[in-house]
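Keep the structure open beside you as you read.

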Amino acid sequence: MNDRIEFRFSGSGGQGLILAGIILADAAAIYEDKNAVQTQSYGPEARGGSSKSEVIVSDSPIEYPKATKVDYMVALTQESFNKYIDDVKETGIVIADKELVTDFSKARGKLYVIDMVKSAREELGKVLGLNIIALGVLVEISGIVSHESIKNALIKRVPSGFEDYNKKAIEIGFKLGKEIKNNN
Amino acid sequence: MAKNIKLMQGNEAIAEGAIIAGCNFFAGYPITPSSEIAELLSSKLPKTGGVFLQMEDEISALGAVLGAALGGAKAITASSGPGISLKQEHIGYASMSEIPCVIVNVMRGGPSTGLPTLPAQSDIMQAKWGTHGDHAIIAIVPSSVNESLYETIRAFNLSIKYRTPVLILTDEIIGHMREKVVVPDKSDVDIIDVKLPDVPPEEYNPYNYTSGAVTPLAPMGEGYRYHVTGLIHGETGFPSQKTETIKNAQNWLIDKIYKNIEDIEKFDEFQTEDADILVVAYGSTSRSTRQAVMMARTAGIKAGMFRPITIWPFPEKQISNLSKRIKKILVPEMNMGQIILEIQRNACESQVYGLNVVTGEPITPDQIYAKIKEIAES
């Protein structure tokens with residue numbers, strides 16, 4: 001494993017990006033005994049505004065806790081795509097939602113545009129859970145943790161009564177991730 | 001026994017550490033980026049027989065904490081810059097009347113309401129000088145989530161041992177970041193408990209300025225009757241304006257901390273043995289510094305780091321000794337230059353450089369490395 005892998009979830013406040021980051025860090029740190037640090041950055045507003053949640057995973061101790069050379073970025077709004085893409089490595093991968101991000105003039109790295117909102121609407125019946133679908137895509141594409149680890153971390157962190165809904169959401173993410181991997 | 005390892009936030013680690021230390025009272029008023037400490041203690045304390053109080057403001061919150069501590073509680077409050085400004089009045093009262101308490105400041109950008117969600121290290125001097133009058137204070141700056149937990153336990157211990165307010169200074173980065181923590185069992189850590197005086201009530205004086213030993217604070221309700229005031233007082237606790245008493249009381253407040261500095265101080269050194277450039281960094285900035293020092297070493301520059309964990313009282317002797325052999329010292333801080341003043345004062349034989357970043361963003365390893373390189377080439 002590469003010594004330091006940087007993940008960034010970006011979008012707007014309220015989309016659940018911080019939770020997605022926590023679940024990823026939990027899966028890596030607790031269920032796979034790697035080193036992981038999760039940080040976040042958001043504005044003073046409770047909803048809206050640009051927000052990001054970052055996870056660093058490494059086999060060595062992690063000193064600087066924020067991402068500066070991003071290996072994997074998820075963008076769930078146009079504003080966050082534009083604002084946070086500059087730190088993505090040349091070899092990095094950017095996962096954007098097809099409906100929420102439409103202008104790719106600032107794109108860097110390898111771009112995967114995926115129908116996550118559409119899949120949520122069609123398969124879950126609502127867009128709630130978009131963060132978990134994106135997490136599933138990210139895990140599938142990066143292979144950073146196993147399906148089992150991420151599912152264990154997911155179940156621990158979501159509200160009781162919503163376990164099945166979220167399990168379904170992460171499976172959708174795995175499937176979308178696999179499709180895009182096979183097509184590239 | 002299997003280790004209890006959890007992924008948790010810095011603020012959560014402080015709440016966890018407080019409970020392990022035996023904290024049974026919190027009063028506060030929520031403020032970003034410290035609110036999770038209040039939130040978590042509001043659910044933890046009632047389950048362990050403790051009390052959680054949300055007060056009408058920050059001043060009353062520390063007032064309630066001091067009242068609880070006088071009643072024998074291990075008490076804590078948490079806030080951020082704007083709230084800590086309000087608490088200054090009672091920090092002075094706690095110093096003067098020697099009431100143990102722990103005060104957490106999860107630093108954010110200031111002055112005033114400043115930057116609620118963004119980090120800074122700009123309350124370092126406020127921690128020492130925020131309240132008026134001569135007094136000494138203990139302040140601790142953890143640099144990780146794990147350290148936040150253990151240093152909170154140490155903060156409670158020091159507050160009781162020296163009957164003093166102890167400040168824990170973290171920042172938005174440490175407070176909100178999540179990483180692995182080894183949660184200890186209560187039996188695995190040293191905990192200093194509130195003790196009854198070893199004399200009967202009729203022989204008890206709540207203060208002693210000359211023996212050199214700290215008198216235990218008798219919890220109210222145990223039969224020990226004494227006076228508590230913010231006025232200069234004699235050893236019985238009653239106000240006094242006798243010159244001898246004033247002198248003894250004022251000296252005591254400083255001496256009880258500074259004469260025990262070796263017990264209170266705590267620091268960490270990284271590759272300082274053969275260093276040509278010393279970087280003095282604390283809190284979240286020390287994480288970037290450690291990485292920058294490794295980058296410098298890879299590039300053949302002999303850099304090292306000194307990291308105060310107890311920042312007040314300041315480790316003057318260590319800096320002075322290091323300055324005898326390391327002639328270039330860099331002090332990166334997320335403020336306009338605060339601890340650098342202490343370095344300049346103590347490292348008289350070295351050239352001291354600052355790196356001050358006040359953008360609401362943490363200082364990166366690249367920024368520190370660039371400065372180390374610049375200094376090395378100068």
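## Reading the model

This is a predicted model, in which local features need pLDDT of at least 70 and side-chain atom pairs count only at pLDDT 80 or more, while totals for chains, interfaces and linings use all residues. Residues are numbered from 1 along each chain as its sequence is written, and chains are lettered from A and ligands numbered from 1 in the order in which they are written.

Helices (H or I, at least four residues) and strands (E, at least two) are DSSP runs, numbered from the N terminus.

## Chain A

Chain A holds 6 helices and 6 strands. Starting at the N terminus, their order is β-α-β-β-β-α-β-β-α-α-α-α. The radius of gyration of chain A is 15 Å, close to the 16 Å that the globule rule gives for 184 residues, so chain A is as compact as a globular protein of that length. Here the radius of gyration is taken over C-alpha atoms, and the globule rule is 2.2 Å times the number of residues to the power 0.38.

Along the principal axes, the C-alpha atoms of chain A fill a box of roughly 40 × 40 × 40 Å. Of the 184 residues in chain A, 51% are buried. A residue is buried if 20 or more other C-beta atoms lie within 10 Å of its own, exposed if 12 or fewer, and partly exposed in between, with C-beta atoms placed from the backbone. Among contacts in chain A with a separation of 6 or more, 58% involve residues 24 or more positions apart; two residues are in contact if their C-beta atoms, placed from the backbone, lie within 7 Å.

## Where the chains meet

How many residues does the contact take from each chain? Chain A supplies 18 residues and chain B supplies 17 residues. On the side of chain A that touches chain B, the elements giving two or more residues are α1 (17–31) and β2 (35–41) of chain A. That side of chain A divides into 10 nonpolar, 5 polar and 3 charged residues. In this count Ala, Val, Leu, Ile, Met, Phe, Trp, Tyr, Cys and Pro are nonpolar, Asp, Glu, Lys and Arg are charged, and the others, Gly among them, are polar.

## Chain B and its domains

Chain B has 13 helices and 15 strands. With 378 residues, a compact globule would have a radius of gyration near 21 Å, and chain B agrees, at 21 Å. The C-alpha atoms of chain B fill a box of roughly 70 × 50 × 45 Å along the principal axes, and 52% of its 378 residues count as buried.

Chain B is divided into domain 1 (4–188) and domain 2 (268–377), with bounds that come from an automatic or database domain assignment. The centres of these two domains of chain B, taken over C-alpha atoms, are 26 Å apart. Their contact takes 24 residues from domain 1 of chain B and 21 residues from domain 2 of chain B. On the side of domain 1 that touches domain 2, α5(B) gives the most, with 4 residues. The residues on that side of domain 1 of chain B are 16 nonpolar, 5 polar and 3 charged.

At 1.5 Å a residue, the 13 residues of α2(B) (residues 35–47) should span 18 Å, and its end C-alpha atoms are 19 Å apart, which agrees. The expected span of a helix is 1.5 Å times one less than its number of residues. α2(B) bends by about 30° at B:Leu41, where the bend is the angle between axes fitted to the seven residues ending there and the seven starting there. B:Leu41 is also one of the buried residues of α2(B), which include B:Ile37 and B:Leu45.

α4(B) (residues 81–97) has 17 residues and reaches 24 Å from its first C-alpha to its last, close to the 24 Å expected. A kink of about 50° is centred on B:Lys87, and B:Lys87 is among the buried residues of α4(B). After α4(B) comes B:Glu98, with a positive phi near 55°. In α6(B), 15 of the 18 residues are buried, and just after this helix B:Arg163 takes a positive phi of about 45°.
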